[in-house]
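I opened the model today and kept notes as I went. The entries follow the order in which I looked things up.

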Amino acid sequence: MDTSFFDTVKTGDASLPERVAGQISQLIIDRHLTCEDKLPNEFELAEQLHVGRGTVREAVKLLVARNVLVIRRGKGTFIARHPGEVEDPLGFAYYADKIRLAQDLLEVRTQLEPWVASLAAQRASAEDMDHLREAALLVEQDIFSGKDHLGQDTKFHICIAQCTQNLVVPKLIPIITYSVELFGSLNGNVLLSETVSAHRAITSAICTRDAKAAEQAMAQHLEHNRAELALIVKELGGPTFS
């Protein structure tokens, strides 16, 4: 079949590669493909979608750029571990005023995370709880061994979000994870003992299904962060926000 015409035609505002990228995305959804699964090869996709291989190639490039697909050299094209999620989707890295950004992120977290912790306590499965305990323990191990714990700290907060069983909440995680890492870089990790005790309290509340205690423990944890950030701002002579 000669597909050269179809490879150049546009329908509406979407080019053919864009439309094929959408079809591949739908294929991933319909077949319940995960990061362990390999995408059909270029020839097979071209046959299935009735387009040329060049169009498939361009569509795959689009999906790689959007972190839906990853190319493993010598192995093929696979589904990304977290399809569609990019490292800094909200562009926080481009804000020059990191202090103000830290304040504003913490302001949002104060409204969001206590509710997330409460929801996690109500909905977490036994397996979720095991993962949460493990995540909390890994943070402690890094702290007590003098390692940078921020990577494990962000995973701890991701784990709480996943405990909610809510499809949307984990998508809000970039707000939380970027804030955790930014705050850690600003405060020099001075709240290490508070981090350990707060994480233990949050974990215990979630794992005993005490939604109110989980909400309060998270709110208290964030209040310690807010107070410490206010001290940093005061030392720098900048404005504070209450």
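I took helices (H or I, at least four residues) and strands (E, at least two) as DSSP runs, numbered from the N terminus. For the expected span of a helix I used 1.5 Å times one less than its number of residues. The model is predicted: I asked pLDDT of at least 70 for local features and 80 or more for side-chain atom pairs, while totals for chains, interfaces and linings use all residues. I number residues from 1 along each chain as its sequence is written, and side-chain values use heavy atoms, with hydrogens and water left out.

**Entry: overall fold**

I counted 9 helices and 4 strands in the chain. Along the sequence I read β-β-α-α-α-β-β-α-α-α-α-α-α. I called a residue buried under 20% relative accessible area, exposed over 50%, and partly exposed in between (1.4 Å probe, protein chains only). The chain has 242 residues, and 43% of them count as buried.

**Entry: helix α9**

I looked up α9, residues 211–236. It has 26 residues and reaches 38 Å from first C-alpha to last, close to the 38 Å expected. Which residues of α9 are buried? I found Ala-211, Ala-214, Ala-217, Met-218, His-221, Leu-222, Asn-225, Glu-228, Leu-229, Ile-232 and Val-233. An α-helix has 3.6 residues a turn, so residues three or four places apart point the same way.

**Entry: cavities**

I worked on a 1 Å grid over the protein atoms alone: a cavity is a set of points where a 1.4 Å probe fits but cannot get out, and lining residues have an atom within 4 Å of a point. Points are joined across faces, edges and corners, and a volume is the space filled by probe spheres set on them. The structure holds 2 cavities of 30 Å³ or more. What lines the second largest cavity? Its lining is Ala-102, Leu-106, Arg-109, Ser-179, Phe-183, Asn-225 and Leu-229. Helices α4 (98–123), α7 and α9 each supply at least two lining residues. Helix α4 gives the most, with 3. Asn-225 and Leu-229 are also on the buried list of α9.

**Entry: salt bridges**

I got 9 of them.

Arg-66 and Glu-18 meet at 2.9 Å, N to O. This pair links distant parts of the chain, 48 residues apart: Arg-66 is in the loop between α3 (53–65) and β3 (69–72), Glu-18 in α1 (residues 16–30). Arg-66 is partly exposed at 34%, and Glu-18 is partly exposed at 32%.

Glu-42 bridges to Arg-57, with the closest N and O atoms 2.7 Å apart. Glu-42 is in α2 (residues 42–49) and Arg-57 in α3, 15 residues apart. I read 23% relative accessible area for Glu-42 and 38% for Arg-57. A network of salt bridges links Glu-42, Arg-53 and Arg-57.

Lys-61 and Glu-58 form a salt bridge at 3.5 Å between the closest N and O atoms. Both lie in α3, 3 residues apart, about one turn of the helix. Glu-58 is partly exposed at 37%.

Terms used. On a 1 Å grid over the protein atoms alone, a cavity is a set of points where a 1.4 Å probe fits but cannot get out, and a pocket is an open set with protein on both sides within 12 Å along at least five of seven lines; lining residues have an atom within 4 Å of a point. A salt bridge is a side-chain nitrogen of Lys or Arg within 4 Å of a carboxyl oxygen of Asp or Glu.
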